[in-house]
Every structure is written in C-alpha cells, then in structure tokens.
Amino acid sequence: MIRITDILDKAGEYLSPADLEMIQKAYVFSATVHKGQVRLSGEPYLTHPMEVAGILSDMNLDVATIVTGLLHDTVEDTLTTLDQIEKAFGKDVSFLVDGLTKISQIEFGDREEEQAENFRKMILAMSSDIRILLIKLADRIHNMRTLEFQKPEKQQFIARETLELYAPLANRLGINWMKVELEDLSFRYLYSEEYHELSKRVVKGKKRREKYTEEVKNIIRKEMLNYGLKCKVDGRAKHFYSIFTKMEEQRIDFDEIYDLTAFRIILSSNNDKKCYEVLSVVHSLWKPVPGRFKDYIGMPKANNYQSLHTTVIGPYGERVEIQIRTRAMHEWAEKGIAAHWKYKEGELSQEGEEEQIKRVRDLLEVQQELKDPREFMKNLRLTLFPDEVYVFTPQGDVKSFPKGATPIDFAYSIHSDVGNQCIGAKINRSIVPLKYKLQNGDTVDIITQSGHHPSKDWLKNVVTSRAIARIKNWIKTEERKRSITLGRDILEREFKKYNLKFKQIIKSDEIKKVCEIYSINTIDDLLAVIGYGKISAKHIVHRFLPEEERKLIDVVPEKVEKKARRPSSAGVSITGIDDVMVRFAKCCDPLPGDSIVGYISRGRGITVHTANCPMTQEVDSERLIDVRWDTREKQIYPVHIRVLCSDKKGLLAEVSSVISSKNINIRHAEIDTTPEKSAILDFEIEVNDLKHFNELVSELKKLKSVLSVERMRGLFFKPIKKRIHEKSV
C-alpha cells in the first residue's frame, strides 16, 4: 500500500516545500473524513485517494491536481462541503473537486442514458480544465487495478466502459502508458479466457525473445556509436491487448505474429533531423520491408505523437519493428499532455502542451450545443476515434467493430440467436445486403426470422472472431446431426443385410468395445464418423458376424484393401476409405511436393487442397482427412505462373523457350504491359511436381529481363483480361 511519504518524495522532486505542506494537509483532511469507511477489498477507503494521488504525482502534475486526487471523493462520500474545501485548499482545488463530484453524482432513468450523460458531463467539464480528466483517468486506473473485488456483471460493465471510452481518451491525450494499462486490464475481464491463454503463450517464449532482444539492441548500439549518434535503445514486448487485436483484425494465430517486440531508438538530442540519420543507418544495416515505413515526425498523429516507424529484416531473417524518436518526442509519446505540465508561481505554464490542449478543447467545445446525450456520444466517438468503425443500435447504444465488419458481425455481437436467425438488415432505415460494410455512424437494425439458419457463405462476409466461431459452431453442429442420422441409416441397412438386430446391438457392450478400438468416445461419435465416410459400415458389421460367416466374406475387404493400396488415378493415396473419387481443388492447385489435406464432400468424393489453403480454414475440421502423394506413377498437374519482366521485343519467345526447354507444356498464355514499361506474362502450364516447377522458376530468374516469378494459386489468380476489364471500368 502506498504511504503519504511515498507521494511526498515523488512530489518533492519538482514541487516547493509549501506545496508539500498542502499535500500533507490534504492527506490529514481526507484521512479524517473517510475514517471508518472501507472498500470492497476490505482495505480502508483512504487507500483509494492515496493511490490516485500517487499516480498523479508520478505524472509530475501540479499541487492542485495531487491535492484534488486526495480529496476527489470527499464531497460525494462524506459530509464535507465545497465551502470547506475552498476555505482549506483554495478555489482551484474546490473547482476541480466540484467538477469530479458533478460527474459522479448524476442519476438517470436507464443505463444507456446514464452512461451517455455521465460522459457528456465529464467531457464538457474537461473542456474548461483538462486536469479534471487526468484525475478521472487516474481514478479509473486504480479502480481497474482492484476490479477483482466487484461482481462479474459489474466487472464486465466497467471494463467495457473503460475500453470504449477511457482508454481512447488517454490515447487522445497522448498518455500511452495509461492507455496500455487500461486496455490490458479491460481485456483481462472482457476476454478472460483469451487473456490467460495469451499470457501463457507470451511467457512460454519469453527467454528466447529476451535473448534475441538483447542481441538486436547490442547490434544497434554498436552501429550508432560507429556513426557518432548518441542514443538509448529499448526493446519492449507489445502489450497483450495490441497482440489480441492484431490477431483478430488479421485473423492470424499467435505463432504468425512476427513483431512481438518493438525496438525504440531514443536520441539524446532533440534535433529532429538526427532521427532521419538514424533511419538511414538502420536501413543500411538491415533491409527494410516495403510499405512498412511511417513518418509521424513529418505528419504527427492527432494526439501530437511523433516518431519514425520502420520494419526491417533483422538477424536470422526475423522481421523487426523499430521506432526512432528524440528524447522530447519519447517523453510526449509516453506521458502526452502530462509530459509538459509545469508549475510556476501558482500558474500552469502553457508551454509545450498549449497546442494539444487547444486541439482537445476545440474538439470538445463543438459538442456543447448537443443536448441529447446519445447524440453527444455519437459525435464524440466519431470525432475521437476515427480509426474504428462505430455504429449504433436502434436504441442508441454504441458498438465498435473492426473495419470491414458487416451486419452479420453486428447481429452476433447482440446474441448468437440473433446472428443465427438474421435474414437482413436496415442501415439508417434502408434495407442493405448482409455483405454491406458498416460505416461510422450507421444505425443498424437486424431483421430476424424464426427458424432461419446461418450459411457457409457468411464466413466470407464476417471479420469478428465471435461471428466466425458462432457460424462455424452452428455448421459443425448441424453437419454432425446430419452425419449421425446418415450414419445410423447406413449402419442399420448394413446390419439388415446379415439379419442382425440393429437396435439391440447399438445398446450392447460389444458396440462400446468397437468404439474403444477406433478410439471413439460415444455411439453418436461412431455414427457421425460413419456418416462422414471416415469408417466403413462394413468393417463395423463384420465384427458382429459369426466366425463362419466372417471367413466366407473375409476375402471382400482384403481385395478392397489391395485395390486401395494401388496408386490412384489421381496420384494420391488415402487410407481407411475404399473406392473413392479424388479431385484437386482449383482454389490452390496442389502439386506433388506440397503438403496436402483431403476434404470429404458428399457425392463428390475427396477434394485435395494444399495444407495452408485458406478454404480449409472455413470448413468443418471433422471432414478433413490425411492424404499423401503417391508418386510411383508419373502424372502432370496444372499450375498458374506469373512472370513480371522488363518489356522488350522477343520477350514472349524468350520466356516460352525456357519453359519448353524444361519439357513443360503451356496450356494457356496471356500478356499485358504497364505504363512503367513492364510486361506481365501469365501462363497455365503442366508440370510433374513441385521440384519440376521450382526448376523452371530457377531458370526463368536467370533471364536478365525477368524481374520476378510467382506461383499464382487458383484462389488468388486473376486473369489479365479480367484485370484489364476492371481497370477500364
């Protein structure tokens, strides 16, 4: 627990002895009026204002702000009056306490309006004195740190409120450490399972990352010394919520995130030009990743954040994100407005923070004419947070989504049943298709119909993990139901062929033993895998036949097994499934040598995809089976290839000659030229396997005119004619 001496020690580094006496006096006053009060944790209530004051002193704020931190709940929770506060501590403190008290004492009829009006009062009060928000943010930080003592429903409400408004407000003021902590604490309570899983995975690779981080830091330090650039190099792990949002937005797994650590080069001088010198040194040291450079010095963010961001291919081929800034830029990046808060002779200095405070005040004062709290909230969110998509329910509640979200995402954010039964949507009272991309400020009304169900096609039009999971879960559940029914019918018919009583056997201990043989838990699971085609009903029935009959028909499965072991006409080998039709997916054009997986589709046999094909991520995993290439018989396979070249005479003949020299047939070819005097050559060719294809690529790259060679998967391949048509349109 923080002590008053801790606060005085921190404040003593920049405040006068008279100011410290004022803080000591406020501590005694607060301790007296809060005596006997306790928090939900069982601690004395005084611990809360003490912690708030400690946070404010860490931010080097003025004496009035720290004193208000100690007194901010006195008028609301005790018999203390504002007159008493003013007489003891002056008008400045009284004004700040009054502003915070008015925010906290508001009571309204419904929860939505209460939340909206609460923030309306807070924001409007803030426009007259920015310190009110800083104290409120410090208050929220400590409340979030002790949120575990609240009831679960209260935790959810407070965490959601914090994530949607307080964290973005901290970001708008440029106070990065506060934004990060509020986001991570909110994440912990809103998505507890994801939070704990992510924390385990981050800790698991901590030692390896720390070793790599030190290695990169040492390389950068050495290189900067060589160029006479004095700087500090930091390497910090990204916070949990930023990792989580990146996984959500890009729909990637934790293992696919390459930049868990961000490196910062902080120059000792405040010369902006030196940052660009450092950038050139970094880019000479490691190859930059195209499209990953951002100049926030030339074009600062809305919260006045300044820095250079670049991503390079660092040691061992790993991508490394590097931020370059001056000492002053770093101080602002971490502390925002509070970084330049100075106190001189009882007056707040307007140096440094003047422009940023003016921006925030201008932004907020525009809202003052809006009397309706919901309208106020709508405008505030759209103004403060333009990078997010914020939409409204018909009741005026605000919901945020990643860019690209559709009405289906919105429907599932309300409830799974609303999502499952969604048949349409009205945006701003007009009917729109379900694939419509939500825009900031849209009012969304979902149209539902009882008995309606999700479609697999919906997976192409949703971006939130909640919607994706719910749709996949429904599809999986329904397909399982159908597979159980189908499996039951198939098995029952098979038993009838041999005059066996299905209803008796399905309840017997013998069928349970069969389940154990196949490592299946329940009878329904057994019926499902039969319905999916993963286990033959014949093999199950065979185990229930008398020994004599089993010997008579034993030759049938034996012949089938021999037939199954021969190379299939498709060039793949599949175990456990007899006489099945095999075809190759056009979305990914698999070649022998690629890792592959099979998908069981009713009536169409097995479709073979590459293991990393995006289409396999959107199907029922229970229908995926292991398949392998059988290369004992040579076959040819189609593949698309795109060759980017410098345009010149005889180019097509030159490239075609190389393709022919590798004994490869060209099934189709298209050519287009660009204004930059480049040529795009698209071919559909026939190769034996991946090795054969790679040999061709190697030979093509030897041509002087060839700039790049790329294998185009069928899913992403767009013929030149279609691209030309799109450009002309």
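This report walks through a sheet, a helix and some aromatic contacts in a predicted model.

## Ground rules

Because this is a predicted model, local features need pLDDT of at least 70 and side-chain atom pairs count only at pLDDT 80 or more, while totals for chains, interfaces and linings use all residues. Residues are numbered from 1 along each chain as its sequence is written, and side-chain values use heavy atoms, with hydrogens and water left out.

Let's start with an open sheet of four strands, in the order 21-22-20-23, with antiparallel pairing. Strand 21 (665-673) and strand 23 (706-712) are the edge strands, each pairing on one side only. From one strand to the next, the twist averages 20 degrees. On the bookkeeping side, helices (H or I, at least four residues) and strands (E, at least two) are DSSP runs, numbered from the N terminus, and two strands pair if DSSP finds at least two bridges between them.

Strand 20 (residues 637-646) and strand 22 (residues 678-687) run antiparallel and are joined by 10 bridges. Take Val643: its bridge partner in strand 22 is Leu681. Helix 28 (residues 651-661) packs on the sheet, touching strand 20, strand 21 and strand 22, where contact means heavy atoms within 4.5 Å. The direction of helix 28 makes about 25 degrees with that of strand 22. Helix 29 (residues 690-701) also packs on the sheet. Helix 29 touches strand 20, strand 22 and strand 23, and its direction makes about 160 degrees with that of strand 23. For these angles, axes are lines fitted to C-alpha atoms, for helices over the stretch in contact, and the range is 0 to 180 degrees between N-to-C directions.

Which residues of helix 23 are buried? In this helix (residues 509-517), they are Ile511, Val514 and Cys515. They sit on the same side of helix 23 because they cover an arc of only 105 degrees around the axis, taking the directions from the helix axis to the C-beta atoms. On the other side, Asp509, Lys513, Glu516 and Ile517 are exposed. (Buried is under 20% relative accessible area, exposed over 50% and partly exposed in between, using a 1.4 Å probe and protein chains only.)

What do the buried residues of helix 23 pack against? Their neighbours are helix 22 (502-505), helix 24 (523-532) and helix 25 (537-542). After helix 23 comes Ser519, with a positive phi near 55 degrees.

## Aromatic pairs and charges over rings

Searching the whole structure turns up 15 aromatic pairs. Rings of Phe, Tyr and Trp (its six-membered ring) pair if their centres lie within 6.5 Å; planes under 30 degrees apart are stacked, over 60 edge-to-face and the rest tilted. Tyr195 and Phe240 make an edge-to-face pair, 5.4 Å centre to centre with 65 degrees between the planes. Tyr195 is in helix 12 (residues 192-204) and Phe240 in helix 14 (residues 240-250), 45 residues apart. Tyr195 is buried at 16% relative accessible area, and Phe240 is buried at 17%. Both belong to a cluster linked by ring pairs, along with Phe187, Tyr191, Tyr241 and Phe244.

Phe584 and Trp629 are stacked, at 5.7 Å centre to centre and 15 degrees between the planes. Phe584 is partly exposed at 24% relative accessibility, whereas Trp629 is buried at 14%. As for charges, the charged end of Lys25 sits over the ring of Phe89, 5.4 Å from its centre. Arg711 lies over the face of Phe693, 5.9 Å from the ring centre. The cut-offs here are NZ of Lys or CZ of Arg within 6 Å of the ring centre and within 35 degrees of the ring normal.
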